[in-house]
Amino acid sequence: MKILIVDDEEMIRGVLREYIEFEGNQADEAADGMEAVKMCRENDYDLVLMDVMMPRLDGFSAVKEIRKEKDVPVIMLSARGEEYDKLFAFEIGVDDYVTKPFSPKEVMARINAVTKRKAAKQKQDESRVIRFEGLEIDMAGRNVYVDGEKAVLTPKEYELLFYFVRNQGLALTREKLLYDVWGFDFYGDDRTVDTHVKMLRGNLKQYRKFIVTLRGLGYKFEAPETFEA
């Protein structure tokens, strides 16, 4: 596994590199967000550890730039543990968020969990194109089309829609959605789920009907006459 460590503190990069390489992985280092974006354009990484507060380009901005070209898992490392920062990180598609100070062993555990999750999703989504009437969902390519027109979704909206599709017909509580889509240590509340479902429904237009509200519980994805290509 090839991992990029992005942090402006050389000591932190060194400690993380030692643990990563000890487990048989390869590690590269970047001292700021600008360097990280450049390295991600030139190399393929299995995961990026990204600090938030850095010179030249902060971690949030760097993730946005990287995600324009590469769908690489990202774990944020930050001294900023406020709910707002975590919410923003997950909104731009970050896979996990670790607050400083942290244990290198904890970071390694998070890396293993994220990469296993990513591998499982890729295996499940491989070559799947599913159509629900005029709604077409390319699971592998991460593309969604509404009556032939490509829908523009945020990374979290993609994840939420794909999760609904994978669990079609099942009643999903808001708590389960928070846990499975946002992550086990996310400190948001039910309003986070409701807000994203509202935005997703807006982007699906008339096919918003497939996301059914279960009053007092959560949501269910119900769509008849489906087939795969």
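Helices (H or I, at least four residues) and strands (E, at least two) are DSSP runs, numbered from the N terminus. The model is predicted: local features need pLDDT of at least 70, side-chain atom pairs count only at pLDDT 80 or more, and totals for chains, interfaces and linings use all residues. Residues are numbered from 1 along each chain as its sequence is written, and side-chain values use heavy atoms, with hydrogens and water left out.

**Backbone**

Most residues other than glycine have a negative phi, and most peptide bonds are trans. Arg-142, which is not a glycine, has a positive phi of about 55 degrees. Arg-142 lies in the loop that runs between strand 7 (135-138) and strand 8 (143-146). A positive phi, near 50 degrees, is also found at Asp-147, in the loop between strand 8 and strand 9 (149-150). The peptide bond joining Lys-100 and Pro-101 is cis, with omega about -5 degrees. Pro-101 belongs to the loop between strand 5 (96-99) and helix 5 (104-125).

**Accessibility**

Buried means under 20% relative accessible area, exposed over 50%, and partly exposed in between (1.4 Å probe, protein chains only). Values for some of the residues discussed here are tabulated.

| Residue | Relative accessible area | Class |
|---|---|---|
| Met-11 | 64% | exposed |
| Arg-142 | 26% | partly exposed |
| Asp-147 | 47% | partly exposed |
| His-196 | 5% | buried |
| Tyr-207 | 7% | buried |
| Phe-210 | 2% | buried |

His-196 is located in helix 8 (residues 190-204). Leaving aside residues up to four places away in sequence, His-196 touches Glu-91, Lys-156, Leu-160 and Trp-182, where contact means heavy atoms within 4.5 Å.

**Aromatic rings**

Rings of Phe, Tyr and Trp (its six-membered ring) pair if their centres lie within 6.5 Å; planes under 30 degrees apart count as stacked, over 60 as edge-to-face and the rest as tilted. The structure holds seven such aromatic pairs. One of them joins Tyr-158 and Phe-162, whose ring centres are 6.1 Å apart and whose planes are at 45 degrees, so this pair is tilted. Tyr-158 and Phe-162 are four residues apart in helix 6 (residues 155-166) and are therefore separated by about one helical turn. Both Tyr-158 and Phe-162 are buried. The pair of Tyr-207 and Phe-210 is stacked, at 5.8 Å centre to centre with 20 degrees between the planes. Tyr-207 and Phe-210 also belong to a cluster with Phe-132 and Phe-221, linked by ring pairs.

The charged end of Lys-2 sits over the ring of Tyr-45, 5.3 Å from its centre; the criterion is NZ of Lys or CZ of Arg within 6 Å of the ring centre and within 35 degrees of the ring normal.
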